[in-house]
Amino acid sequence: MSSALIAQSPSAIRGLRAARNGAIRGRVDLRKVPTPSEPRPNVADLGAAVRALDISDRLRSVVYLESAPRGAFETVEPTHAVMDQRGERFVPHILAITTGTTVDFPNSDHIYHNVFSLSKTKRFDLGRYAAGHSVPVRFDRPGIVRVFCDIHSHMNAFILVFSHPFFSLTDNDGRFRIDNIPPGVYNVIAWNEGVQSDPRAVTIPDGGIAEEDFVLR
Amino acid sequence: MTSGLRRAALLAAVALGGGTLPAGAQVLPSEPIALAGGHVTVSGDVTAAIGSDDTGFFNYTDYEHSALKLFRVDLSTSVTLNSHFTLLGEIRDENIDTLRAYAFYVRIRPWIDRGIDIQAGRVPPTFGAFARRVYATDNPLVGYPLAYQYLTSLRPDALPWSADELLRMRGRGWLSNFSIGNQEPENGVAVATAFRWDTGIQLHAASDKVDGTVAVTTGTLSNPRITDDNSAPQVAARVSARPIPGLVLGVSASRGPFVSSTAARGAVGDGHDRDFTQTAWGGDIEYSRGYYVLRAETIWSEWKLPALGAPVIDTPLQALSTYVEGRYKLRPGLYVAGRVDHLGFNDIVGSAGPQSWDAPVTRVEVGAGYSLLRNLLLKISVQRNTRDGGRVPSATLAAVQAVYWF
């Protein structure tokens, strides 16, 4: 899966000489919305923990070009992003960034959290820190990074790291739009919580907009 | 290695997806299984430990089970009936033996927006800090703290006739026998066992900074029970505070009749069920920050036994246990840990003079853990045990443990 996030310059890419870039837009329909991870049954606890489930951020998917236009990598500019820890959840649940981006992990809860990942793409452990503190992590390799809290096992999130900027995070209705794509034929993939569509060849018209819908799960 | 342990090790390898199982990591769950729209949640722990032969029985949890050679499967379930009622249970199997209900209780939250819970059934331990830790993932080492595992010679169903009879059992808690009550050799009890939960009712109230719990149960700290054996309950209480993030301070107390009715009747006749008590006090502290966690806990316990034959046991039997434990993460997925632990006993006077009623024991354990996956942990630890008595006065033991959880 992580290799799919590495931009390529395949022979299938055509039409790079076109003057006007196009776009792709559409909708990702989730047949089944993934539910937030349930906490492990707190059998050994002396009382219940109060936790409200919020599935709104589980409705969001990522759509991206499997193969990026030649020269796409030159346009990537490192930026900052934020993944908050709030109400024993990572917010947002899914973060899509380009390589070189630094992600800040502030703790907005009044309790400790301990962000870590054992993903091959980026292995890190930020240790325990309290509210008001934030620790940055720079992501230099493309791939999928699963993020967890070492103290609260139900806290998890995804960071998708792309080596090109041709991706879009859908809104809660599943709508997406990727702009500034040079005309040509590209393989497009929709992804949600570890489930992805088969690559779908989509033609980006010269100065136009391609429409493509996906169904996942 | 016994055939049972070989079978356990094989099953552990299969359960953990190791060796020859193709794509084992993909078929095993990594998160709790949610059913019925999240109303039913099931999680599990599989723990497989293989270690040195413990001929001194330093790590035995009863006559047959050593914590260093243990294959354990835990399944925990919560069933949320509505916002006020939740059923919680845990079944456990050790070394592919009898399946046991470790916990089974109902949690009642009378007011949804207030942190007050009532728990009734086979409930979590009120006393202390360690017994409520999730063993597989929250114990950085393979061994247990002595207070929660080491078997003293005391038994609730059998009583020593004299101080000499008790002193003869020093360092033999793994299989002690006395002349009053049940005369069959059985294992003694730990100060506060982590291997069984008591049965009763528990009230817990929590705020942002302070938690308080009080419980009335059938057994005692050393001898949790499902049914009462002496017609009087134990009362236990705990208060813990979190004054700043990362710091937890706790104090606990408990008191209840320890000796069974049958043994008490055999010693002093009817009507003394409530006289022979176990009383315990405990204090614990945890501080964590960055990459380290430090914990310390001390438990003082006193058992009152009947004074029978000469030389009589003329003073309550006391035990004091203290451990200090630390864990430090070296890099993602890798940590080192250590624990220094001592369990001591007060003196009684036998024919040969004063002597501690059981053999004091000290354990130093160091180890490391490495997470292959988020929910697959390998631990290795080495411990040095020394004891002032018993057949085996000291032992250096090593163990490796694999832990899988979902």
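## Basis

The model is predicted: local features need pLDDT of at least 70, side-chain atom pairs count only at pLDDT 80 or more, and totals for chains, interfaces and linings use all residues. Residues are numbered from 1 along each chain as its sequence is written, chains are lettered from A and ligands numbered from 1 in the order in which they are written, and side-chain values use heavy atoms, with hydrogens and water left out.

## Chain A

Chain A has zero helices and 18 strands. Helices (H or I, at least four residues) and strands (E, at least two) are DSSP runs, numbered from the N terminus. Of its 217 residues, 54% count as buried. Buried means under 20% relative accessible area, exposed over 50%, and partly exposed in between (1.4 Å probe, protein chains only).

Contact means heavy atoms within 4.5 Å. Take the contacts in chain A between residues at least 6 apart in sequence: 65% of them join residues at least 24 apart.

## The interface

Chain A brings 31 residues to the contact and chain B brings 48 residues. Together they bury about 3100 Å², with 53% of it on carbon and sulfur atoms. Buried area is the accessible area (1.4 Å probe) that two parts lose on being put together, summed over both. Arg40(A), Val43(A) and Leu46(A) supply 26% of the area that chain A buries against chain B, more than any other three residues.

Four salt bridges link chain A and chain B. Each is a side-chain nitrogen of Lys or Arg within 4 Å of a carboxyl oxygen of Asp or Glu. In one salt bridge, Glu31(B) meets Arg146(A) at 3.9 Å, N to O. On the chain A side that touches chain B, strand 8 (113-118), strand 9 (123-129) and strand 11 (143-149) each supply at least two residues. Strand 9 gives the largest share, six residues. That side divides into 14 nonpolar, nine polar and eight charged residues. Here Ala, Val, Leu, Ile, Met, Phe, Trp, Tyr, Cys and Pro count as nonpolar, Asp, Glu, Lys and Arg as charged, and the others, Gly among them, as polar.

## Nonpolar cores

A nonpolar core is a set of buried Ala, Val, Leu, Ile, Met, Phe, Trp, Tyr and Cys residues joined through side-chain atoms within 4.5 Å. The largest has 52 residues, of which Tyr148(B), Leu154(B), Leu317(B) and Trp357(B) touch the most other members. Elements of chain B that each supply at least two residues of this core include helix 4 (146-149), helix 6 (261-268) and strand 16 (334-345).

A second, separate core holds 20 residues, including Leu95(A), Tyr129(A), Val137(A) and Val147(A). In soluble globular proteins, nonpolar side chains tend to be buried together.

Asn192(A) lies in strand 15 (residues 184-192) of chain A. Asn192(A) counts as buried because its relative accessibility is 0%. Its side chain reaches the backbone oxygen of Arg60(A) at 3.0 Å. Beyond its neighbours within four places in sequence, Asn192(A) contacts residues including Leu30(A), Arg58(A) and Leu216(A).

Thr61(B) sits in the loop between strand 2 (40-51) and strand 3 (70-80) of chain B. Thr61(B) is buried, at 14% relative accessible area. Leaving aside neighbours within four places in sequence, Thr61(B) is in contact with Gln149(B), Leu151(B) and Phe195(B).

Ala307(B) is in the loop between strand 14 and strand 15 of chain B. Ala307(B) and Trp161(B) are 146 residues apart in sequence, yet 8.0 Å apart in space, C-alpha to C-alpha. Not counting residues up to four places away in sequence, Ala307(B) touches Val312(B) and Ile313(B).

Terms used: A polar contact is a pair of N or O atoms within 3.5 Å; within protein, one must be able to donate a hydrogen and the other to accept it, and residues adjacent in sequence count only if both atoms are side-chain atoms.
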